[in-house]
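This briefing goes through the fold, the strand pairing, the disulfide and a few single residues. Please keep the sequence and the model open while reading.

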Amino acid sequence: QVQVVESGGGLVQPGGSLRLSCAASGSIFSVYTMTWYRQAPGKQRELVAGITNSGSTNYADSAKGRFTISRDIAKNTVYLQMNSLKPEDTAVYYCKADVRTTVLSILEDYWGQGTQVTVSS
């Protein structure tokens, strides 16, 4: 069993910052890519940023220059530092971890329950 738990969401004023965390735990052999997604009300879930276990990153255009993804490999944890937040960043932010549970198992996606980020004055 693998658990993925996000934390760090909340209410912040426009222009403010938040740091989200996501930790994968449980029966894990190795965690590969970890990715942040978000879903605003009435919209489809979209990719925000991802990071591989070698440190390669990718960002949505909306996140470039404002958000920074980083990772602690030893802790199976990924972070999303969000600066210069805008009202349109309001969404539930989800973390996905690509996990191999044993040396012979296939790579599987595990999702967290999400953390709410609200940007409002």
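A disulfide is counted when two cysteine sulfur atoms lie within 2.5 Å. The torsion about the S-S bond of C22 and C95 is about -80 degrees, so this disulfide is left-handed. The model is predicted: local features need pLDDT of at least 70, side-chain atom pairs count only at pLDDT 80 or more, and totals for chains, interfaces and linings use all residues. Residues are numbered from 1 along each chain as its sequence is written, and side-chain values use heavy atoms, with hydrogens and water left out.

**Overall fold**

- Along its principal axes, the C-alpha trace spans about 50 × 25 × 25 Å.
- Of the 121 residues, 41% count as buried. Buried means under 20% relative accessible area, exposed means over 50%, and partly exposed is in between, with a 1.4 Å probe and protein chains only.
- The accessible surface comes to about 6300 Å², and carbon and sulfur atoms account for 48% of it. These areas come from the Shrake-Rupley method with a 1.4 Å probe; for residues, only the protein chains shown count as cover.
- Among contacts with a separation of 6 or more, 55% are between residues 24 or more positions apart; a contact means heavy atoms within 4.5 Å.

**The four-stranded sheet**

- Four strands form an open sheet in the order β1-β3-β8-β7, with antiparallel pairing. Two strands pair if DSSP finds at least two bridges between them.
- The edge strands are β1 (2-7) and β7 (67-72), each of which pairs on one side only.
- Neighbouring strands of this sheet are turned by 15 degrees against each other on average, direction ignored. The axes are lines fitted to C-alpha atoms (for helices, over the stretch in contact), and angles run from 0 to 180 degrees between N-to-C directions.
- Six bridges link strand β3 (residues 18-26) to strand β8 (residues 77-82) in the antiparallel sense. L20 is placed opposite L80 of β8.

**Strand β4 and its partners**

- Seven of the 10 residues of strand β4 (residues 30-39) are buried, so the strand is largely enclosed by the rest of the structure.
- On one pairing, β4 runs antiparallel to strand β9 (residues 91-100) over eight bridges, with R38 opposite Y93 in β9.
- β4 also runs antiparallel to β5, through five bridges. In this pairing R38 has E46 of β5 as its bridge partner.
- The hairpin of β4 and β5 has six residues between the strands, and G42 takes a positive phi near 80 degrees there.

**Disulfide**

- There is one disulfide in the structure. C22 and C95 are the two cysteines joined, with an S to S distance of 2.0 Å.
- C22 lies in strand β3 and C95 in strand β9, so the pair ties together parts that are 73 residues apart in sequence.
- Both C22 and C95 are buried.

**G50**

- G50 sits in strand β5 (residues 46-51). Its relative accessible area is 2%, and G50 is therefore buried.
- Neighbours within four places in sequence aside, G50 is in contact with M34, T35, S56, T57, N58 and I69.
- A distance of 9.1 Å separates the C-alpha atoms of G50 and A60, which are 10 residues apart along the chain.

- Most residues other than glycine have a negative phi.
- N76, in the loop between β7 and β8, has a positive phi near 50 degrees.
- S84, in the loop between β8 and β9, has a positive phi of about 50 degrees. With a relative accessible area of 43%, S84 is partly exposed.

Methods
Helix = DSSP H or I, 4+ residues; strand = E, 2+ residues; numbered from the N terminus.
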